[in-house]
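Thank you all for coming. I would like to walk you slowly through a few parts of one structure, so please keep it in view while I talk.

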Amino acid sequence: MSLCTGLMALVERRIATLAGRIGTQRHIIAIRDGFICAMPFLIIGSVMLIIANPPFDQATTSAFGRLWLGFANAHWNTLTMPFFMTTGLMSVFVSIGTAYSLAKSYQLDGLMAGLLSMTAFLLAAAPQADNKLSLDFLGGQGVFIALLCAIWSVELTRLLKKYGITLRLPEQVPPAIARSFDLLLPMTGILLTVYPLSLVMQSEFQMLIPAAVMQLFQPVIAAGDSLPGILLCVLLANLLWFAGIHGDNLVQGLLNPLFMANIAANAALLSQGAQNNGRTS
């Protein structure tokens, strides 16, 4: 048996079977859908960041380049606002989209699940201070805790419904009002779990939950940003294609949090670098 034949047999017998199970796992599908929901916002934010950072050197002799640079310098805040309100809030969109998809797979209310997930994420990643919300972890830096909040909020809602722990309103109550009251007990559960954990992390460790999670995942993020890591992902995706499985969908569903965290970090560094170079003047 040749090496190629043996490798393909291994892929078909072991890797393809495992990959097929992972690819149909509801939480993996929900994470994939969450990033798909966030994609239009990321595209718009990326385009605006490119417009605000012309691909020309300050010493360019191109008339078009000088015109573009002058326009970007004069309107930096206006041009970058859509970036901060789209890519800068990427984790918020991912949290809502992931919770919505996961809730629909359980035949739960997707809209309410998305709102509950967003609330849990904001409690963990953007606590209010001096009547302001920090944006530090609402972008790519908070994507892991956004996914955890989405999964936890939906699973909490599912468990409460499974065991009949819910508010029972009279039949005369309109369905829309009853639907909104269904969220009260899950919201209470979030306040009793996510919020106390956030307070403990801030008081005892002087850090937010997303910062702690990012530290835990930092080796994995660094590996995903390396050439060997990217080559391994591409190799695995193509091997799965040979076995009859949509390799890109599976690999992206698993690794999108790593890729998006790195992309958002690069975008944030670009915007900060531009500001430091005087574009906000």
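Predicted model: local features only at pLDDT ≥ 70, side-chain atom pairs only at ≥ 80, totals over all residues.

On the helix 6 side of this contact we have Leu116, Thr119, Ala120, Leu123 and Ala124, and they meet Pro186, Met187, Ile190, Leu191, Val194, Tyr195 and Ser198 on the side of helix 9.

Now, how are two packed helices described in general? One gives the angle between their axes and the distance between the axes. For helix 6, which covers residues 110-125, and helix 9, which covers residues 184-205, the axes come within 9 Å and cross at roughly 20 degrees. Because angles under 35 degrees count as roughly parallel, helix 6 is described as roughly parallel to helix 9. The crossing of these two helices, helix 6 and helix 9, is right-handed.

Let me turn to another residue, Ser95, which lies in helix 5, residues 90-105. Is Ser95 buried or exposed? Its relative accessibility is 0%, so Ser95 counts as buried. Leaving aside residues up to four places away in sequence, Ser95 touches Ser117, Met118, Phe121, Ala146 and Ala150.

Finally, please look at Leu148, whose place is in helix 7, residues 143-162. Leu148 and Ser95 stand 53 residues apart in sequence, while in space the distance from C-alpha to C-alpha is 8.4 Å. With a relative accessible area of 45%, Leu148 is partly exposed, whereas Ser95, as I said, is buried.

Notes: Residues numbered from 1 in each chain as written. Heavy atoms only, no water. Axes fitted to C-alpha atoms, helices over the stretch in contact; angles between N-to-C directions. Helix = DSSP H or I, 4+ residues; strand = E, 2+ residues; numbered from the N terminus. Parallel < 35°, antiparallel > 145°, perpendicular 65-115°, else oblique. Left-handed = near helix turned anticlockwise from the far one by under 90°. Contact = heavy atoms within 4.5 Å. Buried < 20%, exposed > 50% of the residue type's maximum accessible area, 1.4 Å probe, protein only.
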